[in-house]
Amino acid sequence: MCGSLSGTCSTLLFQPLDLVKTRLQTLQSNVQPGSARVGMVTVFLSVIRTEKLLGLWKGISPSFVRTIPGVGIYFSTYYSLKQHFFQERIPGAMEAMMLGAGSRTVAGVFMLPVTVIKTRFESGKYNYGSVAGALRSVCQTEGPRALFSGLTATLLRDAPFSGIYVMFYSQAKASLPNEIRLSTYAPMANFSCGVLAGVLASLITQPADVVKTHVQVSPHLYKRTKDAVRYIYSAHGFQGFFRGGVPRSLRRTMMAAMAWTVYEHMMAHIGLKS
């Protein structure tokens with residue numbers, strides 16, 4: 001419940017960044033040499049101009065359907081694993097990484113069908129009316145297997161991101177002086193640790209996010225993950241793997257920092273060890 005509530009708040013706030021990220025990653029390679037580079041602000045203004053302000057929250061329904069149970073599953077798994085294996089001591093750096101990666105893998109596999117629908121909503125290339133209608137349409141036209149497209153790329157993105165995030169976050173928190181950890185500034189200090197961990201984790205896993213987006217938006221073009229990797233490199237070069245990096249880093253960093261801060265604060269409030 002603590003994890004789901006924190007995920008709900010952060011999803012509503014940062015959905016526009018996720019939409020802009022998806023649009024940037026799925027831009028066609030038809031820009032002529034010498035043309036102005038399409039960036040985050042250009043896409044942001046384009047969406048407002050063509051789809052109005054609320055267009056920035058396109059895909060919010062599948063985002064909620066994915067985040068509310070997804071973050072709940074993630075934190076529940078994390079809490080259960082930590083209580084089972086590390087009840088008497090604090091996990092080390094590598095152990096924290098394994099905890100984060102394992103928890104995210106469980107949540108990622110469970111929520112992958114909704115992740116596929118969310119990515120398609122945000123791409124602007126599909127005209128789904130609702131999450132249920134989108135799920136039904138994909139099953140009827142592409143088969144149930146399409147709901148698990150991009151599984152490899154998703155796990156290559158999510159498991160390392162969460163593992164790296166939890167490792168950096170836990171180590172940064174452990175380095176804080178006791179007078180800060182026990183003061184009223186503790187939530188702000190935890191949030192700052194989360195921001196630092198999120199930036200590092202986002203940069204490292206950005207290429208996998210670009211590949212995942214391509215596979216899930218156009219599964220008919222990429223039979224295997226390496227087909228998407230080959231296309232991105234041939235069409236956009238090495239920098240193509242970092243398209244949408246700025247909005248994704250902003251969103252993932254702020255969402256993760258907020259989710260962990262709210263989660264730990266609520267767990268402490270109800271008397272549970274996070």
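A cavity is defined on a 1 Å grid over the protein atoms alone as a set of points where a 1.4 Å probe fits but cannot get out, and its lining residues have an atom within 4 Å of a point. The structure is a predicted model, in which local features need pLDDT of at least 70, side-chain atom pairs count only at pLDDT 80 or more, and totals for chains, interfaces and linings use all residues. Residues are numbered from 1 along each chain as its sequence is written, and side-chain values use heavy atoms, with hydrogens and water left out.

**View A. Lining of the second largest cavity.** D18, K21, R66, T115, K118, R157, D209, K212, R248, R251 and R252 line the second largest cavity. The elements giving two or more residues to this lining are α1, α4, α8 (186–217) and α10 (helices are DSSP runs of H or I with at least four residues, numbered from the N terminus). The largest contribution, 3 residues, comes from α10. The lining has no nonpolar, 1 polar and 10 charged residues (Ala, Val, Leu, Ile, Met, Phe, Trp, Tyr, Cys and Pro count as nonpolar, Asp, Glu, Lys and Arg as charged, and the others, Gly among them, as polar). The volume of the second largest cavity is about 70 Å³ (the space filled by probe spheres set on grid points, which are joined across faces, edges and corners).

**View B. The largest cavity.** Of the 2 cavities of 30 Å³ or more in the structure, the largest holds about 410 Å³ of space. Its lining comprises 24 residues, with R66, V71, R104, R252 and M255 nearest the centre. At least two lining residues come from each of α1 (2–25), α3 (60–85), α4 (93–123), α6 (151–174) and α10 (245–269). By class, 11 lining residues are nonpolar, 8 polar and 5 charged.

**View C. Packing of α4 against α6.** The axes of α4 and α6 lie 7 Å apart at an angle of about 145° (axes are lines fitted to C-alpha atoms over the stretch in contact, and angles run from 0 to 180 degrees between N-to-C directions). Residues in contact (heavy atoms within 4.5 Å) include G100, A101 and R104 in α4 and L155, D158 and S162 in α6. The contact has 12 nonpolar, 7 polar and 2 charged residues.

Note on methods. On a 1 Å grid over the protein atoms alone, a cavity is a set of points where a 1.4 Å probe fits but cannot get out, and a pocket is an open set with protein on both sides within 12 Å along at least five of seven lines; lining residues have an atom within 4 Å of a point.
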